[in-house]
Amino acid sequence: MTIGSTYHTFDEGHESLATAEAATNAFGSLHLAKRKSQIFWNTVNRQLSAAFGVDDDMSDDGEDEGGWLLEGMVLQPRRGTVEKVIGGYWRRMAMLTIVPVAIVIAWCAIPLPTYPNPALDPDFPGPITNGTGTSDSSFLLIPKEGEPKVLINFWFFLFVYYGFYNAIGLLWVTKLYHLYALNWWPSRLGGATSYTLLWCISIAGGAAIYLISGLERFLLTWILLTFATMSTPMIFSFSILRSNRRHSWHSWRSSLNNASDVFFERVRYVPESWRRFLWFSGALGLGLVALVAGEAYTYIYMSTLPHSAADALVYVYTWVATVHLLDLTTCWILGEGRVNSYSLTTAFKFYYAMTLNTYLRNLYARLRSPQQFALLQAASSTSIIVVAPLTMTTYAWRVVGWLTGLVGGGEREGYEEWKKKVGRGVYIQTLAKDVTMMAFLGWVAVLHFGPNRDAYPYFGFEDKSDPYTYRLTTIASSVVWVSEIVSAYIARRIIYRQFGFSITKEAVKDFKEHPDLVPSLQAVAVHVLQNMLFSLLTLAFA
């Protein structure tokens with residue numbers, strides 16, 4: 001049986017190995033033919049090449065992979081290129097932290113064409129007309145910041161600002177399918193064509209909303225449009241597999257009756273690969289629900305400012321509990337029990353860590369005193385210095401194993417595997433905090449002093465009666481970040497000394513074994529950061 005036929009059994013209606021990790025476990029180290037990369041390559045073949053240890057650093061014509069970093073790291077991650085880039089601390093920091101932050105800062109710094117809001121002119125004679133041609137002044141009333149100062153050119157917003165945001169969201173979903181080793185697009189169209197067509201359809205949908213419905217002034221409109229765009233690959237892949245009858249297959253089972261006559265009956269089986277695909281789709285669906293819930297939650301919080309201390313506490317910890325619940329549910333789905341994909345679990349854990357920390361960072365812009373910053377940092381330092389090492393102890397491992405047995409979680413994992421899981425969580429949390437704080441400090445400065453200040457009044461700090469200021473926010477946030485870096489270093493040293501486990505070395509090992517993780521984490525970071533900024537933009541159009 002050939003490797004190609006075995007791995008593609010999902011496409012043939014038989015049992016399959018749904019992930020490259022599973023394929024590696026089944027077949028060991030094998031060799032596949034190398035092939036030239038494309039902008040959207042045959043993911044299954046390339047995933048197998050990486051999983052089976054094929055040296056894919058050279059193209060068919062012998063050209064060295066180092067000639068094009070973009071191809072070797074983003075479009076078609078290659079083991080050799082990834083090892084070179086993430087081997088050193090500063091290179092790793094540049095790829096996983098600085099590059100995503102720089103992309104987002106450059107995106108929000110693009111000057112939006114704006115026009116003065118005539119509703120603020122006391123001599124303005126009558127109501128304003130929106131893009132639909134109907135008389136409606138209420139569409140300018142943005143509760144979270146009051147009457148907007150400027151109106152944004154809609155077409156620039158649609159094609160440049162929202163267009164890039166939507167493209168990154170679609171790229172993130174595509175990278176998740178790469179980690180799962182499955183193409184979501186129809187084979188006749190190909191990846192690049194399908195991706196472009198889907199993006200164009202979403203942009204056309206945004207234009208139709210503006211020209212026909214007049215719903216463009218609502219944040220929920222754009223959230224749902226993004227949700228629909230990012231859900232379409234899941235619908236495509238489900239429909240393709242279903243239409244080709246990949247969800248079931250039939251075999252003939254023989255049985256003997258009392259007279260020893262042989263009869264055959266047709267038996268329908270549901271392949272395990274199809275079940276794994278459904279679980280993967282469920283995890284992706286939860287992630288998209290978190291997207292909608294996060295932006296809606298942010299909008300509600302901003303619309304009801306100012307809050308009392310009790311209200312703020314309820315808002316914050318309700319969201320914290322929600323994110324942790326989604327994280328636990330998704331990890332259970334993608335873990336050993338269902339999908340069994342280490343790389344997908346890592347990508348989703350980073351997604352939820354970014355979602356939580358991005359939300360918390362933007363609360364810093366409304367903290368009223370250094371004492372509030374100190375309180376937040378004390379809680380953060382305690383969680384990393386005390387909780388992380390305690391979680392890695394054998395006692396915590398036994399307790400979790402006992403609880404897993406109570407809920408029918410199957411066989412308890414080994415202690416070494418438990419340490420690896422805890423270490424991954426510490427690394428992901430540290431990386432998410434670094435990315436979100438660097439991005440927060442960057443966009444606070446850009447949006448406070450830059451050309452889009454009026455489009456982002458949340459970072460204007462213009463009310464002199466408010467206790468929160470730009471100076472307090474940046475200085476206190478910088479102190480918090482330094483404290484977080486020190487706390488993370490102390491926690492890692494404790495874990496290394498007490499348990500002999502190097503969190504950084506294990507993370508680098510994961511990146512080498514799963515090259516697609518690096519661009520996937522980059523796409524996650526850019527997408528989540530853009531989500532927060534998009535929810536804070538004043539949606540008032542000329």
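**Helices 8 and 13**

I started with how helix 8 and helix 13 run, and they are roughly antiparallel to each other, going by the angle between them (over 145 degrees counts as roughly antiparallel, under 35 as roughly parallel, 65 to 115 as roughly perpendicular and the rest as oblique). This is a predicted model, in which local features need pLDDT of at least 70, side-chain atom pairs count only at pLDDT 80 or more, and totals for chains, interfaces and linings use all residues. Residues are numbered from 1 along each chain as its sequence is written, and side-chain values use heavy atoms, with hydrogens and water left out.

I noted the angle for helix 8 and helix 13 (residues 342-363) as about 155°, with the axes 9 Å apart. Axes here are lines fitted to C-alpha atoms, for helices over the stretch in contact, and angles run from 0 to 180 degrees between N-to-C directions. Helices are DSSP runs of H or I with at least four residues, numbered from the N terminus.

I then listed the contact (heavy atoms within 4.5 Å): W172, L176, L179 and Y180 come from helix 8, and S343, L344, A347, F348 and Y351 from helix 13. I sorted these into 8 nonpolar, 1 polar and no charged (Ala, Val, Leu, Ile, Met, Phe, Trp, Tyr, Cys and Pro are nonpolar, Asp, Glu, Lys and Arg charged, and the others, Gly among them, polar).

**Helices 7 and 16**

Next I looked up helix 7 (residues 89-109) and helix 16 (residues 415-449), which pack at about 30° with axes 9 Å apart. That angle makes helix 7 roughly parallel to helix 16. I counted 16 nonpolar, 2 polar and 2 charged residues in their contact.

**Helix 9**

I checked the length of helix 9 (residues 191-213): its 23 residues reach 32 Å from first C-alpha to last, close to the 33 Å expected at 1.5 Å a residue (1.5 Å times one less than the number of residues). Among its buried residues I found G191, Y195, L198 and Y210 (buried means under 20% relative accessible area, exposed over 50%, partly exposed in between, with a 1.4 Å probe and protein chains only). Their cover includes helix 8 (154-180) and helix 10 (219-243). Just past helix 9, I saw G214 take a positive phi of about 75°.

**F501**

Last, I found F501 in the loop between helix 17 (470-499) and helix 18 (503-513). F501 counts as buried because its relative accessibility is 8%. Leaving out residues up to four places away in sequence, I listed M392, K419, K420, G423, I495, Y496 and E506 as touching F501. K419 is 82 residues from F501 in sequence, but 7.7 Å away in space, C-alpha to C-alpha.

Definitions and conventions. Helix = DSSP H or I, 4+ residues; strand = E, 2+ residues; numbered from the N terminus.
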